[in-house]
Amino acid sequence: MLKIWRQPSFSIGATEGCEYQWSTAPALRKSKRRLVVTAGLCDRMATHSLLVLYGSQTGTAQDTAERIGRQAQRKRVGVRVQALDSYNVANLISESLVVFVCATTGQGDPPDNMKNFWRFLFRKSLPAGSLCRLDCAVLGLGDSSYPKFNFVAKKLYKRLLQLGANALLPVGLADDQHDLGPDGVIDPWLISFWQKVLSLYPPPAGLSPLREEDPLPPRYVFQFLDDVPEKLMNPLPPDDQAPPSSVHPFPARMVSNERVTDPSHFQDVRLIEFDITGSNIQYGAGDVVMMRPCNFTEDVEQFCQLLRLDSDRYFILTPTDGSTAPVPARLPQPCSVRYLVEKFLDIAAVPRRSFFELLATFATNELERGKLAEFSSAQGQDELHSYCNRPRRTALEVLTDFPHTTAELSVNYLLDLFPEIQPRTFSIASSLLANPNRLQVLVAVVRYKTRLHKPRKGLCSNWLASLDPTQGEVCVPLWVKKGGLTFPQDLETPAIMVGPGTGVAPFRTAIQERIAQFKTANVLFFGCRSETKDFYCHLEWEEKVQAGHMTLFTAFSRDQEDKIYVQHRVKEQAKLLWDLIANKNAVFYIAGNSKQMPTGVCDALKEVFQQEGGVTDSQAQDMLDAMEKAGRLQSETWS
């Protein structure tokens, strides 16, 4: 009979003496599972390395993981940093020390680059004690203004314990709403983490930590070419049969780029249409399209001028000795400086603290070095927020503010200093059933003022708005993925949709699709400022209402003295909504800005339940919770 020895629960460090093997092969029938369990006494390896695995959607978790990696290097701890889905999860069973850094997306979902890992780790067939040799820590990055705050980190931490892993410290729950941002939690958590790690895994004797002011080796080395290559090779050729992806997006031709707000209105909103003929792209209601923008030409030229780079030069990128980072798949080899700066380096983003930490290691000017050191320190985060985050100062603007340090930068550190441009997500605003081979998006162009002289611009929305298909062919690389909203499949179930502003986009797709499928129980609540200024797609709605295909309720907040919002219209339609929800099993959807609208709509819906259903406030909340659990209350919101 097989026996697995387990250390007492009060001990520190992963359990010795147990060994399992995992297989990433698909789970088979119970009698044929590819899981092998063996037992034997295993000593700890003489040397240990730290594995940092991250799940990141917008780049913040990746940045934090790489920060931990740099700290490990300075502490003389061997380290590897990888995205969760690029790591062979079957090897986790033989790791000794792992820290997981993960964000939460959507309605408590894991980021795209950890979904395969997530599915594997939650297989019911994994033995309960199979991670008994693993010391681990989990750091979550989230936003407490969302209902499922750090849901992925909490669930991952619990699952690792179920599989027998030893947690070195409680799960860290970083919060964007903290006065100091995520670092308000991350900094003290990392202090505790390193105290625990270094007590269990001390570095080799005689090696002292590296100084903070000394730069670490770069991850890559640039080898510049004397001649322009005749042919550029992408390291990963596209699969013609595979749907487009992040690495191989489809170059969709822009058909039209139409402003749908009145020219006198302060907000520029575009309805943009793409031709996706031949792309193998299929999408349905609730799905989203991903696009990765380019930096503006003037910013690219300024950047190259500041760093004395020839934008027409070509280079080959190679990992440095000891670096485990592969060359980014999106960069062609050879690659031009212009391509790197225009399409890859996020020079227009507000830089994170890690940017200043690395920049400080190049500073020779005393004044600049002192300021960068302050911005890099835990004590200087208020000052950094005031300088950078609040006015939304870009990385390019920071370089101009620190000219002496910028002049000292080595090109080899560009990919350490600047993160990759992240793809932007847009709800698809059209249906293939109504518009074959077409894909439309509704984009609010982001422009606003801060205390800085130059107006702030959203990179992707302004880049899209600048493209004019009437002046020549324009192609935008894009790909599609599943969104967070799902719609009823049967003909009879009503869909109640609340989508103010650009939140109406996924509901336009749903209404077009449902009408094409002869589903006419469609109720839309739309809100905007003015009927004459920003009532998107109003002619289309009027036509569908007259045809009996939908019911429309509008809230124009600024067209009268008292502001009227969609939540007011929800309360006004209490009888209708109660009948649809209580008697006809309707599904209720909310999409749009996450600030106050979703809470206001849910509160209005609770009032509907109390007024028409005769229930108490707590019972109304229970009804909302039950609807959400059953998938009858769904939301897709953004900040």
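Biologist: What is the mean pLDDT of the protein chain?

Modeller: This is a predicted model, in which local features need pLDDT of at least 70, side-chain atom pairs count only at pLDDT 80 or more, and totals for chains, interfaces and linings use all residues. Residues are numbered from 1 along each chain as its sequence is written, and side-chain values use heavy atoms, with hydrogens and water left out. pLDDT is the predictor's confidence in each residue, from 0 to 100. In the protein chain, 90% of residues reach 70 or more, and the mean is 89.

Biologist: How many contacts beyond near neighbours in sequence does the stretch 1–17 have?

Modeller: A contact means heavy atoms within 4.5 Å. Over residues 1–17 the pLDDT is below 50, and the number of such contacts in the model is 39.

Biologist: Which residue does a cis peptide bond join to Gln 333?

Modeller: Most peptide bonds are trans. Here omega is about -5 degrees, and the partner in the cis bond is Pro 334.

Biologist: Is Asn 150 buried or exposed?

Modeller: Asn 150 lies in the loop between strand E6 (135–142) and helix H3 (151–162); helices (H or I, at least four residues) and strands (E, at least two) are DSSP runs, numbered from the N terminus. Its phi is positive, near 50 degrees. Buried means under 20% relative accessible area, exposed over 50%, and partly exposed in between (1.4 Å probe, protein chains only). Because its relative accessibility is 0%, Asn 150 counts as buried.
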